[in-house]
Every structure is written in structure tokens, then in C-alpha cells.
Amino acid sequence: MAILKLQGVTLGFGGPPVLDGADLEIERGERLVLLGRNGTGKSSLLGVIRGVLEPDHGTVRFESGAVVGYLEQRVPADLAGPALEVVLAGHAGPVDERIRARARSLLDRIGVAEDARVEEQSAGLKRRVLLARALVEEPDLLLLDEPTNHLDIDSIQWLEDFLRRHVRTILFVSHDRAFLRGLATGILDLDRGQLTRYDADYERYMERKAHDMDVEARSRRQSDKRRAEEETWIRRGVRERRKRNQGRVRRLMDMRSEHAGRRDVAGRVQMQASSAAPSGRLVVEAKGARFQWEGGPSIEGLDATILRGDRIGIIGPNGSGKTTLLRLLLGELEPNSGTIRRGANLQVGYFDQLHAKLDEDATAAENVGEGNQTVQVNGKERHVVSYLGDFLFTSDQARGGIRHFSGGERNRLLLARLFSRPSNVLVLDEPTNDLDVETLEVLEDLLADYEGTVLLVSHDRELLDHVATSTLVLEGGGRVGQYAGGYSDWQAQCTAAAPEASKPRKGKGKRKRKGPPPSALSKEERSELRGLPARIEALEADQAALHAQMAEPSFFQQGGEAIAEAKTRLESIETSISSAYERWEALEAKQAGGFDPGD
């Protein structure tokens, strides 16, 4: 039986329903990502599943005794206290020793001390504690709403790995394409109230979604053509009207009703950057630059050259100094030592991740037009309301206040403001938070084609891979390395360098070990440890093959018994993978004399 079953669920808030007869089944072992435009109702669907929103129609049924966990989108501002107590707050009933032991085990797995004050931790560690709180009830289904927002790349990779290894059944909302590729076993698409399931990877989903949209567009064109012909027929002279077929008239009435109730596809964001005159060939040159905040992150010995047309990705953990590095490169800060030279005729456009440049008391149009009714975009005058329409703002939204704008709407507004100003250097500090995938891909295309220079701080690995021509990496201790290419190129260069760094030194024998020897493994355990990587690799190969088989359109044309057998096989493989990883951790911990995280 499915853990969760939705049948005919409809939910509206006075306008067109955000859920219109939605059906959904989630089986154990599935990890489904929910995709859709900003504002389509993804969080509302999670709210219906959690029971905090009551559907207007339809039913929501759970397997008997099923427990649902939830990781919210934003870290609560009042989150405080020792980590253990924050995690235990996620347990609804009395806290006994079994629950307390589980909470401690979860904190050990996520790498947070039980007495650590949560309010003093980074955003990434706070989110880890919230994840442990969601898992303390041992949920049968875990719901995640944009879990990667405001996390750095290391934290995102940790989260992806943890969920894949330790949580069996997940429904999550995410715009991070690398994250959803690594985690999702299937895709749910929410579009104009319709919930459609695609048992496919992201690439096949995009192909099949495009095909479905083409079929819908052709069907609508044919329907509009037939309706136009019938409208012409019914408008004929009096003699023709006396003889008209009443059945045909009723069909026309049905066509009119269908057309009136039609919900058109939301438009695609249209972006173009206003270009300024080209900058000089040199944009920024840093030599031995050093900067130190009092009690804050430092930049040490920065050497970098940025030329016109370069697209520079900037990577580093939260709090490592990425924004400080940007301000140094732009001249908002001067180095304590060393030099930073900037080129001629730089016109900088800046996207601020904290939205500090948005006026909360002004309308959306006033934020972009600054009191003017028009804006100049690449030499063409546009009415500011019409221009905001390119960014999917209605005229009412354009003329209204922004205090209640969502995170995605604020990001689109800031992008609209940014691209209406002429620039030859674009600086974007975490521009992707809260943007839906389609808008993100439009932004990606714009940055890839931009003729000026781009400085991009981002945790989105795919965006960095598709845009960056080189990458500045904050590597710890204030050191900044410069690498050719994007995120994957940097990773490949680190991997290539690792074997050299790990080679034994020549000339002297082995050094004597100081301190107690590691805990010894038995002969059987050593043999098991050596064989685990190959076993995991084989299991993951079987998993990938089964995913590919289930992604084929012909898979669901089989009988129900064959489909159920494949899903059971997939569930068994994923359980085996999780157990193998846990055993690997336990054996390595024992070999090193450390703590077994499975205890």
C-alpha cells in the first residue's frame, strides 16, 4: 500500500485553483521532487499533505500509523537553545530514553554537539539541526521545502549525501538542478493546478514536458479553429438560423465554455541586459592583496587577473568572505597591503542577495523606474509597467507595494532593476535563491551571452558550470585560488592534484606511530571492508539501470505485477546501499579507533 494517496484534491484561494483534482500516490523508497513556477502552489501542496491546509474537495489518505516529517523552507528567527533540546522539540509525545538516544545519534550523524547553542551556529548547521528535529520521529515520509536555499556548496553536498543514505522516502521542492539530479527518483510537475508525474530523470522530464506542451498547443489551435468555424455558422442569416441544428448549437456552447475556462500557460520571463560602452581590456588586477576584518574573515595574498569578457564564479563556505572579496575587487574596500588595480570605464550593475536596494515603501514600478514612467533598455524606451511584464509581474503587482512579495518575486524585481541600468560589469551575489527552474535557465542563458564581465557568487553548481570561464575559490585561511572553468572543472583539478599530495615521502622509512594503535579489525572484517566499495558500486549500477528502465515510456504499459516487482526490487537495492554505507562507516571507525556512528 502507498504511504500517501491523494484523490481528486482541489484547493483554491479565491482565484483559479492551485490544485485542481490532483491525484498522487507515494510508495516507500521513492524520492520525488516537486517542480513548478513560483506561485503555482508547491508549498500549498505540502501544506495539504501535512494537514495544515484543508482541501476544498478530495481526500488525503495515509497508510495506517504513517508519520510525516517536515523541514521548513526558512530557519525560524527564534530558533535557540542547546541542539539536543531543539531536536527533542520535534517529538510530539513524552521524551523517554529511547527518543533521547535517537536524538543524540542524529546529532552525531549530522556533526553537531548536543550542547551547542543553535543560535550561535551558521545557517548550514542550523538547517542540519532542523533536519535532525524532523527525523527524530522516524518519519515514513519526509517533506522538504527548498532545503538548499542559503546553503553553501559543501552543505548542499552533505545534505544530498545524508538524505540519499539515511532517508528512504522523500517529497521535496527544489530549484537546484544538481541536487535534484542526485537525489530524485521521479518528478512531479505542478502546472495550472494539474499535478503530473514523470518517472524519469531531469533531462527526460524536460523532453517529455516539452512534448506534452506541444501536444496541448496543437490541440488548442485545432479547438480554436473549430470554434471559429462554428461561430461563423451561427452568425448566418435569419433563414439559416431557423434551420440550424440544435445539437450543433449545444456543441458550440460547450466550446465557448471550455474556452472561457481555459488556463493559459504562464509566460516565460524575458531578460535582456542593457549594455554600456565596453570597459577597458583590464577589469581588475590583484597582486598580493590582503584584507582583515576585526574578528571577521580575512583575504590573504590575493593574486588574480580579470579581463573584459571573463565570467568569474566565486565559491566558498558561508562566512568565508565571498562578499568581502567582491567589495575588494570593486573598490568598495581597500586592501591593508598589496595592490588592486581596476581598469577604465567600469560601469557596474550589482545584485544584492539581501535585497538591500529594494525600497519597502515604494511600489514595484517605483523601485525599477525611480519615479520615472519609462525605462531605457538597450536604447529603446519602455513603459515601466510593460517592462515589468517581461518579468511576469501583472499591472496590479507593478503598481502595488512589495512588502508581501515572495522571495522569488523579490529576486525577479531586483533582476528587472539590475538589467534596466546600462552596465559592462555584472556582479551577482547569490541570485538564484527562490527562483524557479525556468527563470533560472533564462538567467543562465543571459549571463552566458553577456558581452561584458560577470562576477558571480553562487552555490548553484550547474549555473557555475554553464556560465563561469574561471573560478575564484576561498580555500581556508583567507587563501583565494583561481582555477580555469566552472565548478566541475575546479573539482577535476583538485582530484588530479590529490594523488600527488598523498604520495609517501622518499628517502626515509616509515615513521613510528605515536600514541595507541588503532582498534584492530578481525581478518573477516578487513576482508569485508576491502570488498564494500565494489559491492556498493555494483548495487548503484543496478540502481541506475533500474531507474533507466523505469524512465522508459513503455515501462508503465506493462502489467501491474511487473511494475510492482520492479518497485520492490528498487526498494530492496536502496535498502542494501544504505546498509552497505553504514557498515563501511562502522568498520572504518573501528579501524581508526573512533566512534561508530551507528551505535
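Predicted model: local features only at pLDDT ≥ 70, side-chain atom pairs only at ≥ 80, totals over all residues.
Leu-6 stands opposite Val-60, a residue of strand β4. Strand β1, residues 4-11, pairs with β4 in the antiparallel sense, and 5 bridges connect them. Both strands belong to an open sheet of 3 strands, ordered β2-β1-β4 and paired in antiparallel fashion. Its edge strands are β2 (19-26) and β4 (57-62), each of which pairs on one side only. From one strand to the next, the twist averages 15°. Helix α1, formed by residues 42-50, lies across β1, β2 and β4 and runs at about 125° to β1.

Before the account moves further along the chain, its overall composition may be stated. The chain has 599 residues, of which 46% count as buried. Its secondary structure comes to 19 helices and 20 strands. Among contacts with a separation of 6 or more, 70% are accounted for by residues 24 or more positions apart.

The next element to consider is a pair of helices. Two packed helices are described by the angle between their axes and by the distance between those axes. For helix α4 (residues 123-135) and helix α5 (residues 153-166), the angle is about 15° and the axes are 11 Å apart. Angles under 35 degrees count as roughly parallel, and α4 and α5 are therefore roughly parallel to each other. The crossing in which α4 passes α5 is right-handed. On the α4 side, the residues that meet α5 are Gly-124, Arg-128, Leu-131 and Leu-135; on the α5 side, they are Ser-155, Trp-158, Leu-159, Phe-162 and Leu-163. Sorted by class, this contact comprises 6 nonpolar, 2 polar and 1 charged residues.

Strand β8 (residues 186-191) and strand β9 (residues 194-198) run antiparallel and are joined by 5 bridges. Within this pairing, Leu-188 has Arg-197 of β9 as its bridge partner. The hairpin formed by β8 and β9 leaves 2 residues between the strands, and Arg-192 in the turn has a positive phi of about 55°. Most residues other than glycine have a negative phi.

A second open sheet is built from 6 strands in the order β14-β17-β18-β12-β19-β20, with mixed pairing. At its edges stand β14 (348-351) and β20 (480-484); each has a single partner strand, so one side of each is left without a neighbour in the sheet. Neighbouring strands here are turned against each other by 15° on average, with direction ignored. At one end of the strand order, strand β19 (residues 470-474) pairs with β20 in the antiparallel sense over 5 bridges. Thr-471 stands opposite Tyr-483 of β20.

Helices also pack on this sheet. Helix α10, residues 322-330, touches β12 (311-315), β14, β17 (425-429), β18 (453-457), β19 and β20, and its direction makes about 160° with that of β18. Helix α14, residues 407-419, touches β14 and β17, and its direction makes about 175° with that of β14.

Several loop residues complete the picture. Ser-406 is placed in the loop between α13 (395-399) and α14. With a relative accessibility of 33%, Ser-406 counts as partly exposed. The C-alpha atom of Ser-406 is separated by 8.7 Å from that of Asn-38, although the two residues are 368 residues apart along the chain.

Glu-370 has a positive phi of about 50° although it is not a glycine, and its place is in the loop between α11 (364-369) and β15 (374-377). Glu-430, likewise not a glycine, has a positive phi of about 55°, and this residue is found in the loop between β17 and α15 (437-449). Are these two residues buried or exposed? At 54% relative accessibility Glu-370 counts as exposed, whereas Glu-430, at 8%, counts as buried. The reasoning rests on the cut-offs: buried means under 20% relative accessible area, and exposed means over 50%.

Terms used
Residues numbered from 1 in each chain as written. Heavy atoms only, no water. Pairing = 2+ DSSP bridges. Helix = DSSP H or I, 4+ residues; strand = E, 2+ residues; numbered from the N terminus. Axes fitted to C-alpha atoms, helices over the stretch in contact; angles between N-to-C directions. Contact = heavy atoms within 4.5 Å. Parallel < 35°, antiparallel > 145°, perpendicular 65-115°, else oblique. Left-handed = near helix turned anticlockwise from the far one by under 90°. Nonpolar A, V, L, I, M, F, W, Y, C, P; charged D, E, K, R; others polar. Buried < 20%, exposed > 50% of the residue type's maximum accessible area, 1.4 Å probe, protein only.
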